[in-house]
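Keep the 3D view open as you read.

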Amino acid sequence: MANNITFGYVRVSSDDQNEARQVEKMRELGIDERHIFIDKKSGKDFEREQYRAMMAMLREGDLVCIASLDRLGRNYRETGKEWEVITKEKKANILVLDMPDLLDTRKQTDLTGTLISDIVIKLLSYVAEKERESIRIRQAEGIAIAKAEGKYQGRKAITVDKEQFEKLYAEVIRGERTNRYVMQKMDLKPNTYYRLVNEYKTKTGQWEN
């Protein structure tokens, strides 16, 4: 098909991780900035805003580029299903940049190539998920040992300057600042910020914003 689009999909697991290296790889391929989609979210499922936006644009003959398979997803069953949605339902192609010889569906037009691709995608996604499970098990075991030895203290408490927060949030109420501004100014995660908001509203009785 004429006028096919090459998309770049980039994913990091959280806001504090840097997506720059993945983005640079997409730029090196000459992918238009408008067609590079970036999610900062866990790969456990595919309920990601930018991924869904890309999928809505994807058409037959287009190409999706990802730096590595785990950037697409980490749940091996869901990743396998999504691979089939892209290649079989959408009839688009996928290129995995760190495994171009095995995972470039443009080269796998015969039955043998397709079979090899299917085996590799399922195997690698399975390994990625098993590694996630192993990490969770090791963390749980480490916490259990630390508790048994009386060394476990839980997560470090977040220290917040309540006076500064109350001053800034009062400006939010007056319409002088935004919630995002305060979060960035005080380096607060959304869950911490809104917990403080609820505490402030309870304390002052100012429930209308």
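Start at Glu-19, which is buried, with a relative accessible area of 18%; buried means under 20%, exposed means over 50%, and partly exposed is in between, all with a 1.4 Å probe and protein chains only. Glu-19 sits in the loop between E1 and helix H1 (20–28). Setting aside neighbours within four places in sequence, Glu-19 is in contact with Val-10, Val-12, Ile-38 and Lys-40, where contact means heavy atoms within 4.5 Å.

A word on what you're looking at: this is a predicted model, in which local features need pLDDT of at least 70 and side-chain atom pairs count only at pLDDT 80 or more, while totals for chains, interfaces and linings use all residues. Residues are numbered from 1 along each chain as its sequence is written, and side-chain values use heavy atoms, with hydrogens and water left out.

Now zoom out. The protein has eight helices and four strands, taken as DSSP runs (helices are H or I with at least four residues, strands are E with at least two) and numbered from the N terminus. Read from the N terminus, the order is β-α-β-α-β-α-α-β-α-α-α-α. Of the 209 residues, 35% are buried. Among contacts with a separation of 6 or more, 61% are between residues 24 or more positions apart. The accessible surface comes to about 13,500 Å², and carbon and sulfur atoms account for 49% of that; the areas come from the Shrake-Rupley method with a 1.4 Å probe, and for residues only the protein chains shown count as cover.

Next, the inside. The largest nonpolar core has 21 residues, and Tyr-51, Met-54, Trp-83 and Ile-86 have the most contacts within it. A core here is a set of buried Ala, Val, Leu, Ile, Met, Phe, Trp, Tyr and Cys residues joined through side-chain atoms within 4.5 Å. Among the elements that each supply at least two residues to this core are strand E1 (6–12), helix H2 (49–57), helix H4 (76–89) and helix H5 (111–148). Click on Tyr-51 and you'll find that it touches Tyr-9, Asp-39, Phe-46, Leu-72, Glu-82 and Ile-86, leaving out residues up to four places away in sequence. A second, separate core of 14 residues includes Ala-170, Val-182, Leu-196 and Tyr-200.

Ala-170 brings us to helix H6, where it is one of the buried residues, along with Phe-165, Leu-168, Tyr-169, Glu-171 and Val-172. What covers them includes helix H7 (179–186) and helix H8 (190–204). How does the length of H6 check out? Its twelve residues (162–173), at 1.5 Å a residue, should span 16 Å, and the end C-alpha atoms are 16 Å apart, so the two agree; the expected span is 1.5 Å times one less than the number of residues. After H6 comes Gly-175, with a positive phi near 80°.

The structure holds nine aromatic pairs, counted when rings of Phe, Tyr and Trp (its six-membered ring) have centres within 6.5 Å; planes under 30 degrees apart are stacked, over 60 edge-to-face, and the rest tilted. The rings of Phe-165 and Tyr-169 are stacked, because their centres are 5.8 Å apart and their planes at 5°. Both residues lie in H6, four residues apart, about one turn of the helix. Phe-165 also pairs with Tyr-200, and here the centres are 6.5 Å apart and the planes at 80°, so this pair is edge-to-face. That pair links distant parts of the chain, with Phe-165 in H6 and Tyr-200 in H8, 35 residues apart. Phe-165 is buried at 1% relative accessible area, and Tyr-200 is buried at 8%. Phe-165, Tyr-169, Tyr-193, Tyr-194 and Tyr-200 form one aromatic cluster.

Finally, two loop residues. Most residues other than glycine have a negative phi. Lys-91, in the loop between H4 and E4, has a positive phi near 60° and is partly exposed at 47%. Asp-187, in the loop between H7 and H8, has a positive phi near 55° and is exposed at 70%.
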